[in-house]
Amino acid sequence: MKKQFIKIVGIALTAVLVLGMMSITAPNVKAATTQFSDVESNHWGANAIINGVSKGYVDGYTNGTFKPDASVTRAEFVKMVVSAMELETTSSSGKWYTEYVEAASQAGLYASTDFNNSEAAWTKVMTRDEMARVAARAIGETTKEEDKWMYLATKAGLIKGVGIGQIAPKGLTTRAQAIVVIERILSKNTGASLDVDKYAVGSAEIAWHGTNIFTVMPEMWITSEKDLRQARKNSVEEMWNEERMTITSKDGLYQGKLDALIAIDLADPNDPNLGLIKPMNTLKWFNNTTNKNLMVKDQKNSYVLYFKGGTVFNKDTKRYNPNTTIQFRVDGFDSPDRDAFFDKGVLNGTASLYRSSYFDVPGVIIPKTGTVQNYSNLEIRLQTPAGGWWFSQIVPLSLRGNRDDV
């Protein structure tokens, strides 16, 4: 057995460089201050690159460059992670990466369900989603949901967006990105607290289970630890049931689908989902009166819940409303003073949105403060657009919240 932290100083691995591989060197004082010709001191990954080189799990090229924007293969990334974490490896007569793959497999960093354990697979460039899997596992995260890894990695601060709210799961991993993520893994495993890109987390949450409400408005969607235990859930985020995002009528003639429930923070001018409700100067909220001057732009201390989705099919437009938006309901954020809400236009409870005609915008506005939870759970409901026997509903989310009456 030997440590993957290979201690080779000043050796150019020419065959590896032809393939775009990264050489591995031992830590040394000079490496910590080395300036690569293509990595300026103000480069976003400069510090991580210097740290990685000084620790010996990565090096530059013989021509004095680092090539921070060059792509990284799956094998290269796994080798660096195994080396940086100083995992035990066993010499192998197979491909150069075999011992590192075996070490990664034994440590739970790689699973055969990720991609085939073959030369053709290992020499492909690693995607950001694949990098997220390895990174999250490297700090002890686990999940059986294949689309949750990016959420776990972003929430832990291991991965940030390539732009505001842009996680680019299919994007290719670069050398600079790889080193930055590895340095974050090492820091996290020493107990350090990492900065978290909340916009990336929100986007990753949507990609995982179809909503970002737990990232954007976590203080609103709450429940007790007792309720989580009874539901056999580890966190409140897991209470969202994405299998209930499609509603089909009892007679099978109507179906609607919620593609995503998107929370928007009106107080945040950089919220990546604000575009869904623009232009703001024409967006209004409805208090069930004829008051048409209740403007959303005047309610910055609020959230908007935007129901992105619509009708999948409607085979009986006489029975089911032909409106193509999905019908929904939000419960649990009630007004403590209904007279103020109805008569004075005070936003102190959930209110519907509209622009030209009532309910033409698929969303509601909820003030951040001032609401009460009376008798109902905090719930999201999807409904069939019909009355009587033909009406039905499903509930993707139901939380006790702060109720103590049951």
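Student: Which way does helix 4 cross helix 5, left-handed or right-handed?
Tutor: Helix 4 passes helix 5 in a left-handed crossing. Keep in mind that this is a predicted model.

Student: What's the angle between helix 4 and helix 5, and how far apart are their axes?
Tutor: The two pack at about 65 degrees. Their axes are 9 Å apart.

Student: Which residues make that contact?
Tutor: Helix 4 brings V78, K79 and V82. Helix 5 brings Y100, V101, A103 and A104.

Student: Staying on helix 5, which of its residues are buried?
Tutor: Helix 5 covers residues 98–106. The buried ones are T98, E99, Y100, V101, A103 and A104.

Student: And what follows helix 5?
Tutor: G108 follows, with a positive phi near 80 degrees.

Student: Back to helix 4. At what angle does it pack with helix 9?
Tutor: Helix 4, residues 74–84, and helix 9, residues 175–189, pack at about 30 degrees. Their axes are 10 Å apart. An angle under 35 degrees counts as roughly parallel, so helix 4 and helix 9 are roughly parallel to each other.

Student: What's the handedness of the crossing of helix 4 and helix 9?
Tutor: That crossing is right-handed. From helix 4, the contact uses F77, M80, V81 and A84. From helix 9, it uses A178, I179, I182 and L186.

Student: How many of the residues in the contact of helix 4 with helix 9 are charged?
Tutor: None is charged and none is polar. Eight are nonpolar.

Student: What does Q177 touch?
Tutor: Leaving out residues up to four places away in sequence, Q177 touches W44, R128, M131, V162 and L172.

Student: New topic: strands. How many bridges join strand 4 to strand 6?
Tutor: There are 11 bridges. Strand 4, residues 254–265, and strand 6, residues 302–314, run antiparallel.

Student: How many residues of strand 4 are buried?
Tutor: 10 of its 12 residues are buried, so strand 4 is mostly covered.

Student: How does strand 3 pair with strand 4?
Tutor: Strand 3, residues 246–248, pairs with strand 4 in the antiparallel sense over three bridges. T246 has K257 of strand 4 as its bridge partner.

Student: What's in the hairpin of strand 3 and strand 4?
Tutor: Five residues lie between the strands. In this hairpin, G252 takes a positive phi near 75 degrees.

Student: On to strand 6 and strand 9. How do they pair?
Tutor: Strand 6 and strand 9, residues 363–367, are antiparallel, with five bridges. L305 stands opposite V364 of strand 9.

Student: And G309, where is that?
Tutor: G309 is in strand 6. G309 is partly exposed, at 30% relative accessible area.

Student: What is G309 in contact with?
Tutor: Setting aside neighbours within four places in sequence, G309 contacts K257, L258, D259, T324, T325 and I326.

Student: What separates G309 from R355?
Tutor: Their C-alpha atoms are 18 Å apart. Along the chain, the two are 46 residues apart.

Student: Last one: what is the strand order in the open sheet of three strands?
Tutor: The order is 7-10-11, with antiparallel pairing.

Student: Which strands stand at the edges?
Tutor: Strand 7 (327–331) and strand 11 (393–399) do. Each has a single partner strand, so one side of each is left without a neighbour in the sheet. Neighbouring strands of this sheet are turned by 15 degrees against each other on average, direction ignored.

Student: How many bridges pair strand 7 with strand 10?
Tutor: Five, in the antiparallel sense. Strand 10 covers residues 378–383. There, D331 has E379 as its bridge partner.

Conventions:
Residues are numbered from 1 along each chain as its sequence is written. This is a predicted model: local features need pLDDT of at least 70, side-chain atom pairs count only at pLDDT 80 or more; totals for chains, interfaces and linings use all residues. Side-chain values use heavy atoms; hydrogens and water are left out. Axes are lines fitted to C-alpha atoms, for helices over the stretch in contact, and angles run from 0 to 180 degrees between N-to-C directions. Helices (H or I, at least four residues) and strands (E, at least two) are DSSP runs, numbered from the N terminus. Angles under 35 degrees count as roughly parallel, over 145 as roughly antiparallel, 65 to 115 as roughly perpendicular and the rest as oblique. A crossing is left-handed if the near helix is turned anticlockwise from the far one by less than a right angle, and right-handed if clockwise. Contact means heavy atoms within 4.5 Å. Ala, Val, Leu, Ile, Met, Phe, Trp, Tyr, Cys and Pro count as nonpolar, Asp, Glu, Lys and Arg as charged, and the others, Gly among them, as polar. Two strands pair if DSSP finds at least two bridges between them. Buried means under 20% relative accessible area, exposed over 50%, partly exposed in between (1.4 Å probe, protein chains only).
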